[in-house]
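Please look through the structure below.

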Amino acid sequence: MKTDNATTVRTCPLCGAQYGGFPALSRKYPNTHICPDCGTREALESIGVSTAEQEKILGIIHGSNIHNSDR
Ligand SMILES: [Zn+2]
């Protein structure tokens with residue numbers, strides 16, 4: 001039984017975020033594993049979504065407003 005992918009924490013080379021679970025494969029950088037958020041950004045960018053819209057959509061995906069601190 002292999003559960004490594006579920007427990008390994010990886011660092012995304014694009015945004016520096018640490019994430020667990022399965023990495024996304026970058027479309028821009030071959031053989032580069034990136035975090036799911038960057039994978040979403042690249043996918044949205046590829047269909048012509050602006051950076052501001054990408055962040056908005058990611059906020060919706062995460063179900064929270066990113067700019068509201070919860071600390
Ligand atoms: Zn990232």
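Glutamate 55 lies in helix H3; helices (H or I, at least four residues) and strands (E, at least two) are DSSP runs, numbered from the N terminus. The model is a predicted one, in which local features need pLDDT of at least 70, side-chain atom pairs count only at pLDDT 80 or more, and totals for chains, interfaces and linings use all residues. Residues are numbered from 1 along each chain as its sequence is written.

Is glutamate 55 buried, partly exposed or exposed? Glutamate 55 is partly exposed, because 15 other C-beta atoms lie within 10 Å. The cut-offs are 20 or more such atoms for buried, 12 or fewer for exposed and anything in between for partly exposed, with C-beta atoms placed from the backbone. Threonine 40 is 15 residues away along the chain from glutamate 55, and their C-alpha atoms are separated by 9.8 Å.

Helix H3 covers residues 51-62, and its end C-alpha atoms are 17 Å apart, which agrees with the 16 Å that twelve residues should span at 1.5 Å a residue. The expected span is 1.5 Å times one less than the number of residues. Glycine 63, which follows H3, has a positive phi, near 70°.

Two packed helices are described by the angle between their axes and the distance between the axes. For helix H2 (residues 36-46) and H3, the angle is about 135° and the axes are 10 Å apart; axes are lines fitted to C-alpha atoms, for helices over the stretch in contact, and angles run from 0 to 180 degrees between N-to-C directions. H2 is therefore oblique to H3, as angles under 35 degrees count as roughly parallel, over 145 as roughly antiparallel, 65 to 115 as roughly perpendicular and the rest as oblique. On the H2 side, Asp37, Thr40, Arg41, Leu44 and Glu45 meet Gln54, Ile57, Leu58 and Ile61 of H3, a contact being C-beta atoms, placed from the backbone, within 7 Å.

Asparagine 31 is found in the loop between strand E3 (24-25) and strand E4 (33-34). Most residues other than glycine have a negative phi. Asparagine 31 has a positive phi of about 60° although it is not a glycine. Asparagine 31 counts as exposed, because it has 6 C-beta neighbours inside 10 Å.

The protein chain as a whole has three helices and four strands, in the order α-β-β-β-β-α-α from the N terminus. Of its 71 residues, 7% count as buried.

Methods
Two residues are in contact if their C-beta atoms, placed from the backbone, lie within 7 Å.
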